[in-house]
Amino acid sequence: MGLTLRGGTVLVSLDPPRLVHGDLVVDGGRVVAVGASAPGPVRDCSGCLILPGQVNAHTHLYSALARGMPYRLPPPQNFLQILQRVWWRLDRALDEASLRASALLGGLEALLAGTTTLIDHHASPNAIDGSLDVIAEALETVGVRSVLCYEVTDRDGPERARAGLAENRRFLRRRHPLTRGLAGAHASFTLSEETLAECVAVARAAGVGVHIHVAEDLADQRDALSRFERRVVRRLADAGALDGGALLAHCVHVDEEEIALIQAHGAAVAHNARSNMHNSVGRAPVGRLGPRVVLGTDGIGGDMFAEGQTAYWRAREDDLAVGVGWPLERLAAAAALAGRLFGEPLLGRLEPGAPADLVVLTYAPPTPLGAENAAGHWVFGLSAAQVRDVMVAGELVVADRQPTRVDRAAVVAEAAAQAARLWQRLEALGPHPYRPAGT
């Protein structure tokens, strides 16, 4: 028997915004009616705003245990040193227990922020085999959708590169109820021609795209020009990695020819505004990258309200022509991307037949709210603090601000214990020695 969410205002779609005042009925994991009620159980949503669940289109869940992490090396002076001294040390310290704890915590915090799908890019060079299953099972335990891949790289040697390829290949043959996969690759500057070709072969064999960092920093371009006499996007296109299924993270330092290649191949670009600012890598040319720009956090949590607002203000700082609807368009594009991966074209919408992935906010607007100004409310009024309920595939996985599948306090306590052990292992590791060409 279905569940009626009664008395709310339903934001049926983000792009374009469309509002319906009335009930929403869920049955069999799907929305079956909007604006009409049905017999059966009722959940009171009077005075609430009901939204489609949000999609984080590029994240690193292993960073969930890095909050407040000790750091005793000389401060990084550039992006490469950030990788060598922070993230490439952290990923080498990961084991199965810390992987599981980070995925449980990251997935739970995303749900509590109203994010119902995570597209993750994972690396754990000393715990590769089976790592994606550990993450998938943890995320399904809390009830969040995910799209996973292992970050294949040559920076840790050929044996680990082969193990990363094997992990992607193995995982892409499996099917978890709430999880799908992509073929993961780190970035051009840590990939040989042979390894990149193998990543493309894994993707093609599984009928998926390659999820890869692209020109996040100028070091990526310097390496490609030094080793291959081509810029990064041209190298990816020549290798067959650039197609309509590809997910390119960052694309900060791409030129006009590369932008044209990205658009011609229909690849999606994951923009991570807060991470770009934090790492001081520059500004992505999001205004010129086309309609398939999507938003991700790059591991800075799972709060897409905060990410969308920051991305909007950053874009607006560069160009006053950027409209207030821009972040909603980008979030809708991320939902469409996830929908393609799940074979659910209505994911990210709340209309009959759509998967019932939705969020209930306790938002009492102090000004009129309609389709024409919903974007303004989103940017200047909505926040993760207002999330009351979250539903994924028709199941209420957050109710009255508490998870329904897991004990929140137990997840946090285990994360704290695993973080302490992880940090202790991390202290024994020095900076990663890998250096790209041209640096």
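1. Packing of helix α8. The buried residues of α8 pack against α6 (218–228), α7 (232–239), β14 (247–250) and β15 (268–271). This is a predicted model, and the points below should be read with that in mind. Helix α8 covers residues 256–265, and its buried residues are E258, I259, L261 and I262. These four lie on the same side of α8, because they cover an arc of only 160° around the axis.

2. The ends of α8. At the start of the helix, the backbone nitrogen of E257 has a side-chain oxygen of D255 within 3.2 Å. After the helix comes G266, with a positive phi near 75°.

3. C251 sits in the loop between β14 and α8. C251 is not a glycine, yet its phi is positive, near 55°. As background, most residues other than glycine have a negative phi. C251 is buried, with a relative accessible area of 0%.

4. Cysteines. How many disulfides does a search of the whole structure find? The number is zero. For C45, the nearest cysteine sulfur belongs to C48 and is 5.3 Å away, and C45 is in no disulfide. C45 is buried, at a relative accessible area of 0%. C251 is in no disulfide either; the nearest cysteine sulfur, that of C149, is 15 Å away.

5. The largest pocket. The volume of the largest pocket is about 810 Å³. Its lining consists of 44 residues, and those nearest its centre are S63, W87, D298, G299 and I300. Two or more lining residues come from each of α1 (79–93), α2 (96–112), β12 (183–187), β13 (210–214) and α9 (273–279). Which element gives the largest share of the lining? That is α1, with nine residues.

6. D298. One of the residues nearest the centre of the largest pocket is D298. D298 belongs to the loop between β16 (293–295) and α10 (304–318). Its phi is positive, about 55°, although D298 is not a glycine. Is D298 buried or exposed? D298 is buried, with a relative accessible area of 14%; the cut-off for buried is under 20%.

7. The cis peptide bond. D15 and P16 are joined by a cis peptide bond, with omega about 0°. P16 is in the loop between β2 (9–14) and β3 (17–21). For comparison, most peptide bonds are trans.

8. T4. Strand β1 (residues 3–6) contains T4. T4 is buried, with a relative accessible area of 0%. A polar atom of the T4 side chain lies 3.4 Å from the backbone oxygen of A38. Apart from residues up to four places away in sequence, T4 touches D23, L24, V25, S37, A38, P41, V42 and R43.

9. L148. L148 is in strand β10 (residues 145–148) and is buried, with a relative accessible area of 1%. Once neighbours within four places in sequence are set aside, the residues in contact with L148 are D120, L132, I135, A136, L139, F171, T179, R180, G181 and L182. L148 and H253 are 105 residues apart in sequence, and their C-alpha atoms are 25 Å apart in space.

10. R421. R421 is a residue of helix α13 (residues 408–427). R421 is partly exposed, at a relative accessible area of 42%. From R421 to M391 is 30 residues in sequence and 33 Å in space, C-alpha to C-alpha.

11. H432. The segment after α13 holds H432, which counts as buried at 5% relative accessibility. The side chain of H432 reaches the backbone nitrogen of Y434 at 3.1 Å. Leaving out residues up to four places away in sequence, H432 touches Q84, W88, R92, R155 and D156.

Terms used. Residues are numbered from 1 along each chain as its sequence is written. This is a predicted model: local features need pLDDT of at least 70, side-chain atom pairs count only at pLDDT 80 or more; totals for chains, interfaces and linings use all residues. Side-chain values use heavy atoms; hydrogens and water are left out. Buried means under 20% relative accessible area, exposed over 50%, partly exposed in between (1.4 Å probe, protein chains only). The arc is that of the directions from the helix axis to the C-beta atoms. Contact means heavy atoms within 4.5 Å. A polar contact is a pair of N or O atoms within 3.5 Å; within protein, one must be able to donate a hydrogen and the other to accept it, and residues adjacent in sequence count only if both atoms are side-chain atoms. A disulfide is a pair of cysteine sulfur atoms within 2.5 Å. On a 1 Å grid over the protein atoms alone, a cavity is a set of points where a 1.4 Å probe fits but cannot get out, and a pocket is an open set with protein on both sides within 12 Å along at least five of seven lines; lining residues have an atom within 4 Å of a point. Grid points are joined across faces, edges and corners, and a volume is the space filled by probe spheres set on the points.
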